[in-house]
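Please keep the sequence and the structure in view while reading.

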Amino acid sequence: MIKISRDEVLKIAQMTRVSLHEDEIAPMIKHLEGVLSYAERVQEIAADIEEPSNKNVNVFREDVVVKTGAEKILAQSPEREDDYFVVPVIIEK
Amino acid sequence: MSKLAFATIKELKEKLEKKEISHEELLDFFLKRFSEHDGKIESSLEVFDKKSILEHYNAEGPLCGIPGVFKDNICQVGRIASCASKILENYRSTYDATVTRRLKNSGALILGRVNCDEFAMGSSTETSAYKKTKNPWDVSRVPGGSSGGSAAAVAAGLVPWSLGSDTGGSIRQPAAFCGVVGMKPTYGLMSRYGLVAYASSLDQIGVFSRTVYDSALVFSTIAGHDMQDSSSLFVNKKDYTANLTGKLKEGLRIGVIEDALTAQGMDSEIASSIQEAVGVLEKLGAKVKKVSMPILDYSAAAYFVISRAEAASNLARFDGVRYGFRSKDSDTLHDMYLNTRHDGFGQEVKTRIMVGNYVLSAGHAGQFYENAKKVQRLIRREFKNIFNDVDLLIMPTHPMTAFKIGAFDVNKLQMDLQDYFTCPMNLAGIPAISIPCGFTKKDNLPIGFQIIGSHLSEELIYQTAYAYEQETPWHTMHPDGF
C-alpha cells in the first residue's frame, strides 16, 4: 500500500505546475494512493527480456518551412502586443 | 425517414449514385437528425452550419456526400478543437489533421465535433467539461468513453460513421456500450498528425460505424503511411473491403482467452453471448481453442503508469501563454501557470498528470515507470507467442454493460479499471475490433466482443468480423425513440 504525505502531494503539484486548494489535498492524496497501490503490482513480474519495446525507428524528412501565417497563431493568444505574447512578470520584485 | 437514418454507408452511396437523393438533401436530413434527436443524448459539442460544411465538399471520392462527425480531439482547420476541456475552450486549429484531409479528399462531409472525456481521459464521457452524453439504449446510462459522443451519435442514427481515438479502450468500450462497431488499428497505421496527444505511444485514431463493411470503407480512406507522423508505419493505402466475402479464411485458427471469460466480475450474460459468438465462428469453419494469458492481470497496472507518464509530458504544453484559457489576475508568470492549469483542467486530468509526474519522479521512476515498460515487453512477447498458434483472439470488450451515470463518482479506481480488457492491445500495439454480439435479457443493453489480431492483421480482422456479422442480427437493431 503506497502512502503519500501532504508534503509529497504538494511537491508533485508543484512539479505539475498546478495549484491545489486546501480542500483538494485530501481527495487527491486518496486518489493517488488508490491508483499507485494498484499500479505497484508491475514490480511483481517485471523482468528483463530481449523483446524490443517497439519497432519504431528514426524517420527523417526534408526540413522545409511550411508557412501557416503567424497572425492566425498569434490571434489565439490570451494576451498579445504586436507580434509578442504577453505574460505576467517573470521575476518577482 | 428513420430508414434513411439507419441506412448503411453502402446504401447511402447507392442512393446518391442513383440520384434518388442529392448530397445536399442528405446533409439536410442528417442536420435535422441532430436538431431533433441530439437533445436526448447530448452527443455533440458543435454542429456546424450547412454552408461551412459544404465549403469542403468534394464531388469525387469513395465517401462523396457521406456525413460523419469527429471526436473533439481531432483537428479541422478553422474549427474549435477543445478536447472537451475548458483549457482549450476557444482553441481553433490552424491546420487539418491527416485523417481530416484524407476524409475531405474522399468527399466525406464533417457535420460537427462530438463530446468525449476531457483530453480522452475517462471511460464514460462524464469528465467532459461541457456536458454528459447519454447512451441511446438507456438515457440514464453512460455511452462509455472516452469517445462516447462518437459512439452515441452513430448508435442513435444521427450519422452513419464517426471518428474516435483509442489509447486504452476509448473506441472499443463505447462501441460495446452503444451496440456499434469500433475499430482500433495497429499502432502506426493511422496518422496521429492533428490528433491532440494523450499518451503518444498508445494513441490511435479509429472508426465507429453500424456495420463492419462501413467501418472497412471509412478505414480504407484514412489508413496508411503519413510523412507528418514519425511513428507512422510504411504501409500503403489498401481497400479493406476487398476481403469481405462472408467467408472465413481457410483453416482460420481462433483462440478464446479463457482468463477473460472467467474473470471476477464478468457478467454471466456477457460470457454466454460471447460463447455463442464463438459457436457461430466455429460453424463458419474456424478452429477454436482455449488460450490462457495470465499476464492480462498486469496490463491495467502497466497501462496506468505508461499512459499517465506520457500524459504528464504531453499536457505540459498547456500553459496559458500561446493559446487557450488563461486564468486572470495572477501577479507572476509562475502563479499564472499554477492558476491556469488549476482552473483550466478538470479533476480527472489533474489527477492523471499528477500520477504521471509521480511515477516519473526521482526515486519512483524505477519502481513504476521502468517496471511498467518491462511488463509492456512481456505483454508483447506473450501476444507474439500466442499468435504463433492462432490467427486471431477473442475476448469480451468489457465485463459489464453500460453503467448508470454517476455510478463511479466515489470509487475512482473502479472507473480506472474499465480499461482492463482493452488496454493490453494498446500496450502491444496490435489491432482489435469491437462488434455487437447480443443484448442482455435483463435490461436489453448491447454486448460487444473483441476480435484481436497480430500487427497489421486488419484485413483478416475485418474479414472475420464481417462473416460473423452476416450470420447474426445484431447490427440491424436500433434503439427505440430515434
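**Helix H2 of chain A**

Helix H2 of chain A covers residues 22–39, and its 18 residues reach 26 Å from the first C-alpha to the last, close to the 26 Å expected at 1.5 Å a residue. The expected span is 1.5 Å times one less than the number of residues. Helices (H or I, at least four residues) and strands (E, at least two) are DSSP runs, numbered from the N terminus. The model is predicted: local features need pLDDT of at least 70 and side-chain atom pairs count only at pLDDT 80 or more, while totals for chains, interfaces and linings use all residues. Residues are numbered from 1 along each chain as its sequence is written, and chains are lettered from A and ligands numbered from 1 in the order in which they are written.

The buried residues of H2(A) are His31(A), Val35(A), Leu36(A) and Ala39(A). A residue is buried if 20 or more other C-beta atoms, placed from the backbone, lie within 10 Å of its own. The cover over these residues includes helix H3 (42–45) of chain A. From chain B it includes helices H11 (296–314), H13 (347–360), H14 (366–389) and H15 (412–416).

**Where the chains meet**

In total, 41 residues of chain A are in contact with 54 residues of chain B; contact requires C-beta atoms, placed from the backbone, within 7 Å. On the side of chain A that touches chain B, two or more residues come from each of helix H1 (6–15), H2, H3 and helix H4 (70–74) of chain A. H2(A) gives the largest share, eight residues.

**Strand E3 of chain B**

Strand E3 (residues 109–114) of chain B is largely enclosed by the rest of the structure, because six of its six residues are buried. Strands pair if DSSP finds at least two bridges between them. Strand E1 (residues 44–47) of chain B runs antiparallel to E3(B), joined by three bridges, and Val47(B) stands opposite Gly112(B).

Strand E2 (residues 67–71) of chain B pairs with E3(B) in the parallel sense over five bridges. Here Gly68(B) stands opposite Ile110(B).

**Leu393 of chain B**

Leu393(B) lies in strand E9 (residues 392–396) of chain B. Why does Leu393(B) count as buried? Leu393(B) is buried because 24 other C-beta atoms lie within 10 Å.

Leaving aside residues up to four places away in sequence, Leu393(B) touches Gly255(B), Ile257(B), Ile386(B) and Ile452(B). Leu393(B) and Ile461(B) are 68 residues apart in sequence and 9.7 Å apart in space, C-alpha to C-alpha.

Terms used
A residue is buried if 20 or more other C-beta atoms lie within 10 Å of its own, exposed if 12 or fewer, and partly exposed in between; C-beta atoms are placed from the backbone. Two residues are in contact if their C-beta atoms, placed from the backbone, lie within 7 Å.
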